[in-house]
Amino acid sequence: MLAYRHAFHAGNHGDVLKHVLLVATLRHLNTKDKPYWVIDTHAGAGGYALDMGYAQHRREFEGGIAKLWMREDLPPLLADYVARVRDFDAAHRGAGAVSAGGRHPAQYPGSPELIRALLREQDRGRLFELHPTDHEILAAHFSGDRRFRVANADGYDALKAVLPPPPRRALVLMDPPYEIKTDYAHVLEALKEGLRRFAQGSFMVWIPHLERREPTLLVERLCRLPVTDWLLASLVVAEPQEGGFGMTGSHVFMVNPPWTLRAQLERELPVLARLLGTFPGARCHIDGRSA
Ligand code: SAM
């Protein structure tokens, strides 16, 4: 049933978009001393080896982080994200790690490790992962960190228990695999429920860009939610393969995004589309509303 393993996809263009926005949002939360929680409903294993194992099957990171990895000319949000990946790689790569002559990191941080990199002493992380093996890896890596709790539980259900969080300041990241079609409906319902419980919270949902109806419909429904502050960042980097297969890009939808984010993305997302794009139609799109 749970066939999806994020290690196959770690560091791909979808991760890049999501993790750039995640780092930027955490930076914004850190501009105030007041504590916050980060709730990662679909946390994955935490971090991934790119130079061996599952990531080597399709080497998806070559279309993602590898294209930014060596660059020293990136604009601020992209540079901050790459710096966090470099920190993680430096701290976790084995002495003998090979990374194609340094053309990509040997180790890539998943959302939990990016959260850990920016979380302060007063903040808390709540990580949910359903796959038993990925949960075990995640739990082992976070066991000594008292700021975090890791649970082998359904992230959609867990939201009901953790919202609203005690500090009344939080970011919820929802990043399901979408391997089963029900994820499209679940994520929308979970977001609505989350907003009922915690309307002032920040919510971030990642959605793949596919030649299929379900993701398009989900994005349309998210943009019609009765919320005053939302932001949609979309990136298309590739043409579909024959038969319409393949993930050609992705979207991040946010409710209550940092107020600075839209302007930052308007400057930097075109750069990302140019760097990750593999065809002349590569593009980005930003939409949203703010009170
Ligand atoms: N957020 C991670 C990151 O950015 O590094 C990647 C997460 S991956 C896209 C989705 C994860 O959700 C997988 O590890 C999968 O096992 C897990 N998963 C699937 N259904 C779940 C559920 N209902 N609750 C919690 N985790 C789930």
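Which polar backbone atom is 2.8 Å from a nitrogen atom of the ligand? Select Gly-155 to find out: the backbone atom belongs to this residue. Keep in mind that this is a predicted model.

**Stop 1: the ligand**

Stay with the ligand. Taken alone, the ligand exposes 600 Å², and the protein buries 96% of that. Now colour the helices around the ligand. α1 (13-29) and α7 (155-162) are the elements that give two or more residues to the shell.

Show the whole shell next. There are 20 residues around the ligand. Those that come nearest are His-19, Ser-111, Glu-129, Gly-155 and Asp-175. Colour the shell by class: 9 residues are polar, 6 are nonpolar and 5 are charged.

Pick Ser-111. A polar backbone atom of Ser-111 is 2.8 Å from an oxygen atom of the ligand. Then pick Asp-154. Here a polar side-chain atom lies 3.4 Å from a nitrogen atom of the ligand.

**Stop 2: aromatic pairs**

The whole structure has 5 aromatic pairs. Select Phe-8 and Tyr-54. Their rings are stacked, at 4.5 Å centre to centre with 10° between the planes. This pair links distant parts of the chain, 46 residues apart. Phe-8 is in the segment before α1. Tyr-54 is in the loop between β2 (47-49) and α2 (55-58).

Move to Trp-230 and Phe-253. The ring centres are 5.8 Å apart and the planes are at 25°, so this pair is stacked. Trp-230 lies in strand β8 (residues 230-236) and Phe-253 in strand β9 (residues 249-255), so the pair ties together parts 23 residues apart in sequence. Trp-230 and Phe-253 are both buried.

**Stop 3: a ring cluster**

Select Tyr-178, Tyr-184 and Trp-206 together. Ring pairs link these three residues into a cluster. Lys-18 lies over the face of Trp-206, at 5.2 Å from the ring centre.

**Stop 4: another charge over a ring**

Finish with Arg-116 and Phe-142. How far is Arg-116 from the ring centre of Phe-142? Arg-116 lies over the face of that ring, at 3.9 Å from the centre.

Definitions and conventions:
Residues numbered from 1 in each chain as written. Predicted model: local features only at pLDDT ≥ 70, side-chain atom pairs only at ≥ 80, totals over all residues. Heavy atoms only, no water. Near = heavy atom within 4 Å. Polar contact = N/O pair within 3.5 Å; in protein donor to acceptor, adjacent residues only side chain to side chain. Areas by Shrake-Rupley, 256 points an atom, 1.4 Å probe, with all protein chains shown as cover. Helix = DSSP H or I, 4+ residues; strand = E, 2+ residues; numbered from the N terminus. Nonpolar A, V, L, I, M, F, W, Y, C, P; charged D, E, K, R; others polar. Phe/Tyr/Trp six-rings, centres within 6.5 Å; stacked < 30°, edge-to-face > 60°. Buried < 20%, exposed > 50% of the residue type's maximum accessible area, 1.4 Å probe, protein only. Lys NZ or Arg CZ within 6 Å of the ring centre and 35° of its normal.
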